[in-house]
Amino acid sequence: MRLLLIEDDPVLCRELEQQLRQQGFAVDSTHKGVDGAFMGETEPYDIIILDLGLPDLPGLNILKRWRSKPLTTPVLVLTARGAWHEKVEGFRSGADDYLTKPFHFEELLVRLQALIRRASGLSSASVVVGDLELNEETQTVSWISDRQQGENMELTGVEFRLLRYMMLHPKHVFSASQLVEHVYDYNDEKESNVIEVYISRLRKKFGKDVICTRRGQGYFLNPDALTQAVDDA
Amino acid sequence: MTHKFKGGVQLYSLKKRLIISLAASLALFFLIQTLIIGNEVRALSEQNIHSRLEHDQKELLAALSWAPPAEPVLDPARIPGIYQRPFSGHYFQISIGGYQLRSRSLWDEQLLPVREKISDDIPGPAHQRLLMISQDFVILNHPAQIRIAEDVSGIRSNTASFQKSLLLFAAVGLMLLLILQGTIIRYGLAPLQRIRDQLRQLEKGEIEQVTTPAPSEIMPLVEEINQLLQLLRNRLMRSRHALGDLAHAMKTPIAIMGQIIERHPEPEDKALMKQQLQYVEQRIHGELARARTAGRTPGGYWSDPQRDIHDLTQMMMQIFPHIKFSLRLSDDLNIAADREDMLEVFGNLLENAGKWARSQVECSLIKKSHALMICIEDDGPGIDESQFKSLLLRGNRADESKPGHGLGLAIVHDIIVAYEGELELARSKTLQGLKVSMILPQP
């Protein structure tokens, strides 16, 4: 999940960035509204955290600019003022959720996950494809079929990010470079074959047919394979 | 029109006062005038009669000839004819040396003997009222008295009817003048009425300034009102800006501290620090919310409550997708209250309801003639009745696990109190959860 964090306070920005990374987000952050506005328009983010109280460019203006493009990425608005008219204003400008400072990081995380799920068209409280359930808190997966219930499988950071992204968009074909953009942040060293390596690792864990290759186009997650995978395992 | 002022003092109407005092002074003037003119007219005519009687008396004296012991005689050629016609209203009677000479007009009657030189309103023949003068002479060493009288009842009734018509004229004049004065006063006070209307509009929030032209006497008052309104508005805007900046400046560091505390290894210290930080945060949030409240200020107007509440509910449905928010709003809502204050009320209450409800939240906003009835209820667990009172005090929370419930309620309560309204907590009859009902007075 590529996440853009626009927050003018450098300390809070750093803190949030660190914790969000730990939670498996590929985070780009900036203190400047102008930069943030540009980054939001040019990079394919999955979610954006926007502070409304930016000194150089008001957050609401950035939001209005994005929505007029139109940019449909879900945006969670941070506000320190905590006044309701501001929240309504934010909502009218196109915010999907708001959080008043100070907040607990857990609450931010819950809201972010809910927004991501909502953006993917999922209404359930957790990410489930076929019989496979993704546990975002522990960054593990488990089968919810009868036989192997409760067995958690550990994932590495990149595996988790890749699997989450594909599980949130099942049947959707992504090229390797597209996947790279959503799994790594802007500053990461990106190698072209790195996705291939992780795809094959995931295939080893869940079965060959779970992630299919479409020649010349890319990869997609096959939900049917995740139901059948029970028999294979 | 009299109005009870808030302190119980009776207010007077300028118009009523002017009309009453004008009517009283005009009526008094006309009454005195009528009396004086009436009396003057009567006195004038009596004076006329008087001098004529004196003149006739002298004639009589000249017509009298007496050579005792013979009877005195009057030369009939020298007596005016009017004294010869019976009951003509003109009479004389001469007493001399034991003889009585009476005018023919008296017929068998006698003139009353009187001592006064001039006597008014004495009974005469044929029910006439007479003005009589009597004068004593000494003729040939004998005392003589000539009494001469004239009927004045005609003049009396003439004067009375003259006075009556004068009074009638005065009454009509008074009425006409009062109508004229009323119109003049109404016209003169029209600017005041316009200002009064505008002040009422101002209270309802329909206008922001008193714009009607006013006479120079009260223009300073109007200007002062406008200036104060502007001052109030500017001050509110400035303080809201400053409070927003303060909130921003305080809450970001608190957020950072919260993040850092999370990394603290000692669980006991961590809990303690978190608690303290939360306390500081709540206090700041609550106090800033209170300070932001505009309250009942003239010109405060919520222009589009339907749109705002609708958007707010949309927002809530996005944040709490499993909960159904139903709205019931009066059609023509124009609310005399500050928009930011009202959004604070609805935002806090709807968010609380959303946090606690299982599946349903109902919000209604009904405009009555002089009040706004607001009701928000949910199907959550509700709150124990014993906690109702303490919840409305600042900063008390019903449940620490879900943030903001008690604080939000206390903020809402403070705002409602600032509008001289009422807030009541109860258990919802239909949904079984918490029911918050509020009454907001409207001008």
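Tutor: Happy to! Keep in mind that this is a predicted model. Let's begin with strand S7 of chain B, residues 118–123.

Student: Okay, is S7(B) buried or in the open?

Tutor: Of its six residues, the number buried is zero, so S7(B) lies largely in the open.

Student: Which strand does S7(B) join up with, and by how many bridges?

Tutor: Its partner is strand S8 of chain B, residues 129–139. Four bridges join the two, and they run antiparallel. As an example to look up, Ile122(B) has Leu130(B) as its bridge partner in S8(B).

Student: And what lies between S7(B) and S8(B)?

Tutor: Five residues, and the two strands form a hairpin around them. Have a look at Ala126(B) in the turn, which has a positive phi of about 55°.

Student: Nice. Let's switch to helices. How do H1(B) and H2(B) cross?

Tutor: H1(B) covers residues 14–63 and H2(B) covers residues 153–204. Their axes come within 9 Å and cross at roughly 160°. That makes H1(B) roughly antiparallel to H2(B), as an angle over 145 degrees counts that way. The crossing is right-handed.

Student: What classes of residue are in the contact of H1(B) with H2(B)?

Tutor: There are 20 nonpolar residues in that contact, along with nine polar and two charged.

Student: What about H5(B) and H6(B), at what angle do they pack?

Tutor: H5(B), residues 305–319, packs against H6(B), residues 339–356, at about 25°, with the axes 10 Å apart. The two helices are therefore roughly parallel to each other. Their crossing is right-handed.

Student: Which residues make the contact there?

Tutor: On H5(B), they include Ile309(B), Leu312(B) and Met316(B). On H6(B), Leu343(B), Phe346(B) and Leu350(B) are among them. By class, the contact has nine nonpolar, three polar and two charged residues.

Student: Okay, over to chain A. What's in there?

Tutor: Chain A has nine helices and eleven strands. It has 233 residues, and 42% of them are buried. Of its contacts with a separation of 6 or more, 54% are between residues 24 or more positions apart.

Student: Which strands make up the open sheet of four in chain A?

Tutor: The order is S6-S7-S8-S9, with antiparallel pairing. S6(A), residues 127–129, and S9(A), residues 152–154, stand at the edges with a single partner strand each, so one side of each has no neighbour in the sheet. On average, neighbouring strands are turned by 25° against each other, direction ignored.

Student: How many bridges are there between S7(A) and S8(A)?

Tutor: Four, in the antiparallel sense, between residues 132–135 of S7(A) and 140–143 of S8(A). One pair to find is Asn135(A) with its bridge partner Thr140(A).

Student: Which helix packs on that sheet?

Tutor: Helix H6 of chain A, residues 157–168, which touches S6, S7 and S8 of chain A. Its direction makes about 70° with that of S6(A).

Terms used
Residues numbered from 1 in each chain as written. Chains lettered and ligands numbered in written order. Predicted model: local features only at pLDDT ≥ 70, side-chain atom pairs only at ≥ 80, totals over all residues. Buried ≥ 20, exposed ≤ 12 C-beta atoms within 10 Å, placed from the backbone. Contact = placed C-beta atoms within 7 Å. Axes fitted to C-alpha atoms, helices over the stretch in contact; angles between N-to-C directions. Parallel < 35°, antiparallel > 145°, perpendicular 65-115°, else oblique. Left-handed = near helix turned anticlockwise from the far one by under 90°. Nonpolar A, V, L, I, M, F, W, Y, C, P; charged D, E, K, R; others polar. Pairing = 2+ DSSP bridges.
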